[in-house]
Amino acid sequence: MNKISWWYAAAATAFYGGSAAFYLNFVMPAWAAEAPAQRIEVVAKKFEFGPKEIRVKKGQRITIVLTSPDFMHGFSVPDFNVRADGIPGKTIEVTFVADKGGKFVFLCDNFCGEDHDKMTGFLIVTES
């Protein structure tokens, strides 16, 4: 093998080997994180959410599919920085990862009347 062929071989090995390492360390984890989310339908109506309790596993990607038949309600899970507006006649989706375990409150954060403060529910994230 002459000197030029050796340099080409070394450069190609470094390039393709580096590309494979980059792909396996950076691109692949991002792709894996885009696994399908668990879809959970939530209906927001005066003055309640259905369901009132959502159970998921820690690390799970979740898509809340929010609808509202009567009024513009908010859907907020402050501990996960999740917030969406439920607009009558529209379906709103918000996706997040339940990356910590525990029992977390979700609530309506758009004033919707006298019993607005009772419009809450719980997101329960289990460890396994």
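A residue is called buried if its relative accessible area is under 20%, exposed if that area is over 50%, and partly exposed in between, with a 1.4 Å probe and protein chains only. By that definition, Phe-49 and Phe-106 are both buried, and I shall return to them.

Good morning. The structure above is a predicted model, in which local features need a pLDDT of at least 70, side-chain atom pairs count only at pLDDT 80 or more, and totals for chains, interfaces and linings use all residues. Residues are numbered from 1 along each chain as its sequence is written, and side-chain values use heavy atoms, with hydrogens and water left out.

I begin with confidence. The term pLDDT is the predictor's confidence in each residue, from 0 to 100. Its average over the protein chain is 83, and 73% of the residues score at least 70. Helices (H or I, at least four residues) and strands (E, at least two) are DSSP runs, numbered from the N terminus.

Next, the overall layout. The protein chain has 1 helix and 9 strands, and along the sequence the pattern reads α-β-β-β-β-β-β-β-β-β. Of its 128 residues, 29% are buried. Among contacts with a separation of 6 or more, 61% come from residues 24 or more positions apart.

Let us turn to the pairing of strands. Strands of a sheet pair through backbone hydrogen bonds, either parallel or antiparallel. Here two strands count as paired if DSSP finds at least two bridges between them.

Ile-40 has Ile-64 in E4 as its bridge partner. Strand E4 also holds Thr-63, which is buried at 5% relative accessibility. Beyond its neighbours within four places in sequence, Thr-63 is in contact with several residues, including Ile-40 and Val-94.

A second pairing deserves attention. E5 and E6 are antiparallel, with 5 bridges, and Gly-74 stands opposite Asp-85 in E6. Their hairpin has 4 residues between the strands, and Asn-81 there takes a positive phi near 55°. In a regular strand the side chains alternate between the two faces of the sheet. Strand E6 (residues 82-86) has Val-82, Ala-84 and Gly-86 on its covered face, with Arg-83 and Asp-85 on its uncovered one.

I come now to the aromatic rings. Rings of Phe, Tyr and Trp (its six-membered ring) pair if their centres lie within 6.5 Å; planes under 30 degrees apart count as stacked, over 60 as edge-to-face and the rest as tilted. The structure holds 5 aromatic pairs. Phe-49 and Phe-75 are edge-to-face, 5.7 Å centre to centre with 85° between the planes. What does this pair tie together? Phe-49 lies in strand E2 and Phe-75 in strand E5 (residues 73-77), so the pair ties together parts that are 26 residues apart in sequence. Phe-49 is buried at 2% relative accessible area, and Phe-75 is buried at 1% relative accessibility. Phe-49 also forms an edge-to-face pair with Phe-106, at 5.3 Å centre to centre and 75° between the planes. This pair links Phe-49 to Phe-106 in strand E8 (residues 102-107), 57 residues apart. Phe-49, Phe-75 and Phe-106 form one aromatic cluster.

Finally, consider Thr-120 in strand E9 (residues 120-126). Is Thr-120 buried or partly exposed? At 29% relative accessibility, Thr-120 is partly exposed. Among the residues that Thr-120 touches are Phe-49 and Phe-106. Thr-120 and Phe-106 are 14 residues apart in sequence, yet 5.6 Å apart in space, C-alpha to C-alpha. Thank you.

Methods: Contact = heavy atoms within 4.5 Å.
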